[in-house]
Amino acid sequence: MTKDSDLDTELRGVVKSQSPLNCARQTKILEHNMLITNKIQKRMDARLNAIAGHLRPSAVIADVGCDHGYLSLFVLTSNIANKVVCIDISPKCLQKTKDLLTRTNKVDGAEFLVSDGLKDVTQHVDQVIIAGMGGRNICDILENAPKHLLSAYFVLQPMNNITYVRRTLNQLGMCITHDEIVFDKNKYYHIICAQRGKQVLTLNQIRCGAVVEDYRSADYQRWLQLKIAKVSNILEHINSDSLRYIEMTEYLQSLKKCIF
Ligand SMILES: C[S@@+](CC[C@H](N)C(=O)[O-])C[C@H]1O[C@@H](n2cnc3c(N)ncnc32)[C@H](O)[C@@H]1O
C-alpha cells in the first residue's frame, strides 16, 4: 500500500510555489493543480489507481476508511466529484486525510466524519469507496448502512473473505458490475463494484468472480493458476475422507472452470 511521506513534503513545496499574487495567478493555480494531479497519480500504486479507475463522475463520494487520504485527494484533484465525505472510525486516521487535504488546498471540497462505517452518514451520497479493509468488516459496514445509502454505487476492495463479500452483496439485493483482480507489489487484490439490482449468481461465480468477462484479464488468470496450485497442494496433504477434502475438490473444479 502507498505509504510515502515524501509525497507530503513535495506537495507542500508545490503549494508554496503558487503563492505570488500577481496577474498570472490563475495560470499558476492551473499549473499547480496539474502538478498535484500528476504527482498523486504517480504515487498512487496500482491498487489505488485501479480503485480510482472505477469511480464515476458524480456529486458526492464517500471514502470510508480514508486513512492516508490519497483516494479522497484523488477525487478532488481529478474533479470526479464536487465533494468527498471522508470517513474513518479512527480520529487519528481521519486527521491524516484532513492534513493532506489542507496542505494541498483541497479541504474546502471535503467533509470529515468519525464514524463506524456509514452509520452516521445522513446526507445523500452517490458513490461509496470502502477499500483496504477485511471482507467481513466491509460486509458489517454494508449491513449496518442507513437504507438510503444502498442506492449508491459501491467500489469495494476487500483484503480477504471475497466469497463472503459476494454472498452478502447478493443477499442485500446488490448487483456486482465489476469483479476484478489487480496485481500490485507482489500481492493480488480484489476490486468489486456493486449497485442496487437483481443478480442471480452461480456457486462458481460466488467462489471465483461474479463477472465472467473479468476472468479474461492477465492478472485474473495468473491469480487462478496460483490458487489452483495452492489448492492442489492442500489436497495432497489432507485426508481424502474428510469434509474439507470434498470442499477443496469442489473449489478446485470451480477454479479450473474459469481458465480461458
Ligand atoms: C488499511 S487502511 C485503508 C486506507 C485506504 N482506504 C486504502 O485502501 O489504502 C484501513 C482504514 O479503515 C479504517 N476503518 C476500519 N474499520 C472501519 C470502520 N468500521 N469504519 C470506518 N473506518 C474503518 C481504519 O481506521 C483505517 O484507517
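Entry one, ligand shell. I worked on a predicted model throughout. I sorted the shell around the ligand by class and got 9 nonpolar, 6 polar and 3 charged residues. There are 18 residues around the ligand, and Gly-65, Asp-67, Cys-93, Ala-131 and Gly-132 come nearest. I then asked which elements give two or more residues to this shell; they are strand E2 (81-88), strand E4 (127-133) and helix H6 (135-143). E4 gives the most, with 3 residues.

Entry two, sheet. I traced an open sheet of 7 strands, ordered E3-E2-E1-E4-E5-E7-E6, with mixed pairing. On average, neighbouring strands are turned by 15° against each other, direction ignored.

I looked at one pair in detail. Strand E1 (residues 58-64) runs parallel to E4, and the two pair over 4 bridges. Asp-63 has Ile-129 in E4 opposite. I also found helix H9 (residues 218-236) packed on the sheet, where H9 touches E6 and strand E7 (187-196). The direction of H9 makes about 80° with that of E6.

I read an average pLDDT of 90 for the protein, with 88% of the residues scoring at least 70. Over residues 2-16 the pLDDT stays under 50, and the model has 23 contacts beyond four places in sequence for this stretch. Coordinates predicted with low pLDDT should not be read in detail.

Conventions:
Residues are numbered from 1 along each chain as its sequence is written. This is a predicted model: local features need pLDDT of at least 70, side-chain atom pairs count only at pLDDT 80 or more; totals for chains, interfaces and linings use all residues. A residue is near a molecule or strand if its C-beta atom, placed from the backbone, lies within 6 Å of it. Ala, Val, Leu, Ile, Met, Phe, Trp, Tyr, Cys and Pro count as nonpolar, Asp, Glu, Lys and Arg as charged, and the others, Gly among them, as polar. pLDDT is the predictor's confidence in each residue, from 0 to 100. Two residues are in contact if their C-beta atoms, placed from the backbone, lie within 7 Å. Two strands pair if DSSP finds at least two bridges between them. Axes are lines fitted to C-alpha atoms, for helices over the stretch in contact, and angles run from 0 to 180 degrees between N-to-C directions.
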